[in-house]
Amino acid sequence: MYRYDEFDSTLVNERVVQFRGQVARRLSGELDEDHFKPLRLMNGLYLQLHAYMLRVAIPYGTLDSLQMRRLARIARVYDRGYGHFTTRQNIQYNWPKLAEVPDLLAELAEVEMHAIQTSGNCIRNVTADHFAGAAADEVEDPRIHAEIIRQWSTLHPEFSFLPRKFKIAVTGAARDRAAIKVHDIGLQLRRDAAGEVGFRVIVGGGQGRTPMIGPTIREFLPKADLLSYLEAILRVYNRLGRRDNLFKARIKILVASVGADIFAAMVEEEWRALRGGSLDLPAEEVARIAAYFAPPPFENLPAQDTGFEAMRFEDRDFARWCRTNLHVHKQPGYAILSISLKPVGGVPGDATAEQMEAVADLAERYGQDEIRVSHEQNLVLPHVRLRDVHAVWQGLVAAGLGAANIGLVSDMISCPGLDYCNLANARSIPVAQRIATRFADLDRQHDIGELKLKISGCINACGHHHVGHIGILGVDKKGREFYQITLGGSAGEDASLGDIVGPAFSYDDVVDAVESLVETYLDLREEGELFLDAYRRVGLAPFKEALYAGH
Amino acid sequence: MSARIVTANGLRDGEVLYLACGGRWSRDLAEAEPAETEQAEAALMAIAERAVRCRDVVEAYAMAVTVEDGAPRPLSQRERIRAAGPTVGTDIATERGR
């Protein structure tokens with residue numbers, strides 16, 4: 001894992017001192033809210049529906065047990081005993097008190113964490129594949145480059161006041177677990193014909209009001225050119241991105257309006273001026289960063305573990321959990337474990353302080369002290385010996401974290417919605433809870449198979465509804481909550497935007513509608529065909545018929 | 001009967017507050033003082049803006065309610081949830097030991 005150097009520590013500690021002074025001046029009246037608001041937002045502090053909300057960055061979703069325990073302590077001491085893991089691999093606290101936030105940030109700084117650039121029109125926390133460094137299908141660990149981008153973008157003076165916020169995601173595998181095609185910039189590590197590793201560069205994807213699948217503007221960028229090329233993209237955007245209309249300010253609008261080819265040409269021209277300068281990455285500096293992400297000391301183990309196989313044979317619940325929550329590790333004898341934060345009736349992405357501590361204990365004891373946050377609002381233990389998987393599972397079950405539903409219909413992404421968010425038009429979480437309860441029968445969920453359902457409470461699409469196999473968007477119709485359903489979206493390497501199926505459903509009717517869609521799929525699927533594949537084969541018509549016939 | 005009440009958040013703790021009789025801020029929506037005329041609303045907002053200047057509250061605004069049996073009830077779902085708290089129904093959303 002990356003460890004702060006003196007520069008990082010100084011920067012973060014100075015920011016805590018600075019914000020402490022700003023809060024003191026706000027409370028004493030030297031600063032009014034108009035002047036204070038941009039300062040608190042630069043430190044991740046929002047004023048939401050009920051209270052202040054603090055968003056804490058978890059760079060590329062990686063943390064260790066010490067940091068997770070600190071997040072638990074903060075939940076307990078400064079909040080109401082829980083936190084909410086987000087689709088940007090961050091954690092949000094829903095109830096902090098302004099007067100206490102400086103102390104909270106000081107506690108975060110002690111474990112090399114902060115809330116800088118989790119808000120505002122800057123380059124936000126860089127996200128990465130949550131299986132980074134562990135996935136069998138990986139070319140290279142994307143976190144090395146995510147960390148390099150973090151260092152380059154942190155407090156970058158030229159990019160602190162962009163036209164709009166800016167989100168970068170990096171993956172090291174062909175299988176896209178980081179949703180790179182719906183980010184402002186998506187980077188995919190790949191090999192060229194000569195076997196060299198570089199990046200495919202995707203620009204101008206995004207969700208929100210105007211969803212777009214990002215086009216590739218460069219098929220292969222040498223690794224050493226990463227920062228100069230990113231700087232060129234940001235410069236073109238900073239110069240030409242619209243500042244007159246909030247809804248047209250994201251880079252996707254610029255890329256779509258000039259066209260990907262012309263945008264790429266503008267970037268290449270800018271890049272020619274930057275290339276070969278101070279932004280070129282020296283190999284020794286890349287090696288220094290890469291050393292932080294060196295694989296943990298893996299044991300040489302056989303690919304199969306007889307104890308693990310025996311437990312899977314004997315214990316049906318364990319076997320079922322393994323089917324969905326266990327993933328192939330690059331190292332024989334090891335597995336990647338997903339910890340579902342989607343228990344039936346729970347709040348997607350929420351974890352109590354006790355649960356965070358339980359995960360920290362298991363990571364420390366069995367998981368090489370590493371934990372990941374996934375953009376699908378779950379946690380991951382990336383490196384667990386097969387022989388320890390059963391013990392970890394038992395620990396998870398004891399902590400109420402044993403849900404065996406990764407990738408299934410109840411493993412929903414849900415934004416906070418109208419229950420917490422100032423921008424929302426409708427509730428998301430209770431809809432997710434009702435759907436999970438309707439499909440509570442795990443055998444039924446396993447029979448349905450992979451089905452990614454995503455819910456947003458407004459058009460800003462924090463709940464990724466555009467790229468859900470089934471997407472649900474909450475809207476306000478004359479003061480009542482309604483839900484528009486889309487089908488056929490995907491956030492993966494086969495990214496697509498969902499198609500609107502028809503008129504919206506009321507809060508009371510939306511769960512029946514989802515069940516009707518699932519039943520329709522079960523009726524028409526071919527042997528082994530997943531929901532998304534079936535939808536792509538048959539299109540909207542049968543689903544529309546099921547939902548609206550007779551209406 | 002339709003009316004308007006004034007709400008804000010506590011500056012220090014962010015808590016949702018309602019302007020009650022006598023210029024007092026209450027956590028309880030039922031105690032909010034309804035304004036039935038534009039002048040009455042302006043008078044409430046003047047009190048609220050002073051409280052903003054005095055740094056007791058932040059983000060003050062007036063909102064629509066109906067008044068039944070003397071108790072104000074928000075017209076919008078947003079304000080109903082803001083008054084009653086999240087509807088997510090799990091025990092972890094409730095205050096713990098603070």
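**Rings, a helix and strands in chain A**

Me: Is A:Phe298 buried or exposed?

Reply: In this model, which is a predicted one, A:Phe298 has a relative accessible area of 19%, and because buried means under 20%, A:Phe298 counts as buried.

Me: OK, and how many aromatic pairs are there over all chains?

Reply: The count over all chains comes to 16 aromatic pairs. One of them joins A:Phe298 and A:Tyr334, whose ring centres lie 4.8 Å apart.

Me: Why is the pair of A:Phe298 and A:Tyr334 called edge-to-face?

Reply: The planes of the two rings stand at 70°, and since planes over 60 degrees apart count as edge-to-face, the pair is put in that class.

Me: Where in the chain do A:Phe298 and A:Tyr334 sit?

Reply: The pair links distant parts of the chain, 36 residues apart: A:Phe298 is in the loop between helix 9 (283-292) and helix 10 (306-314) of chain A, while A:Tyr334 belongs to strand 12 (residues 334-339) of chain A. A:Tyr334 is buried as well, at 5% relative accessibility.

Me: Which residues do ring pairs link into a cluster?

Reply: A:Phe308, A:Phe318, A:Trp321 and A:Trp393 are linked into a cluster by ring pairs.

Me: What sits over the ring of A:Phe247?

Reply: That is the charged end of A:Arg209, which is 3.8 Å from the centre of the A:Phe247 ring. A:Arg427 also lies over a ring, in this case the face of A:Tyr507, at 4.3 Å from the ring centre.

Me: Switching to helix 2 of chain A, which residues are buried there?

Reply: In helix 2 (residues 33-41) of chain A, the buried residues are A:Glu33, A:Phe36 and A:Arg40. They lie on the same side of the helix, because the arc they cover around the axis is only 65°.

Me: What covers the buried residues of helix 2 of chain A?

Reply: The cover includes helix 1 (6-28), strand 1 (45-47) and strand 2 (52-56) of chain A, and strand 4 (57-68) of chain B is also part of it.

Me: Now strand 17 of chain A: which residues point which way?

Reply: From strand 17 (residues 453-456) of chain A, A:Leu453 and A:Ile455 point one way, whereas A:Lys454 and A:Ser456 point the other way, and all are buried. In a regular strand, side chains alternate between the two faces of the sheet.

Me: What stands opposite A:Ile455 in strand 18 of chain A?

Reply: A:Ile472 does, and strands 17 and 18 of chain A run parallel, joined by four bridges. Strand 16 (residues 413-414) of chain A also runs parallel to strand 17, through two bridges, with A:Ser414 opposite A:Ile455.

Me: In what order do the five strands of the open sheet come?

Reply: The order in chain A is 3-14-15-12-11, with antiparallel pairing. Strand 3 (62-63) and strand 11 (326-328) of chain A are the edge strands, each pairing on one side only.

Me: Last one: is A:Lys478 buried or exposed?

Reply: A:Lys478 is exposed, with a relative accessible area of 86%, and it lies in the loop between strand 18 (470-477) and strand 19 (480-487) of chain A. A:Lys478 also has a positive phi, near 50°, although the residue is not a glycine.

Key: Residues numbered from 1 in each chain as written. Chains lettered and ligands numbered in written order. Predicted model: local features only at pLDDT ≥ 70, side-chain atom pairs only at ≥ 80, totals over all residues. Heavy atoms only, no water. Buried < 20%, exposed > 50% of the residue type's maximum accessible area, 1.4 Å probe, protein only. Arc of directions from axis to C-beta. Contact = heavy atoms within 4.5 Å. Pairing = 2+ DSSP bridges. Phe/Tyr/Trp six-rings, centres within 6.5 Å; stacked < 30°, edge-to-face > 60°. Lys NZ or Arg CZ within 6 Å of the ring centre and 35° of its normal.
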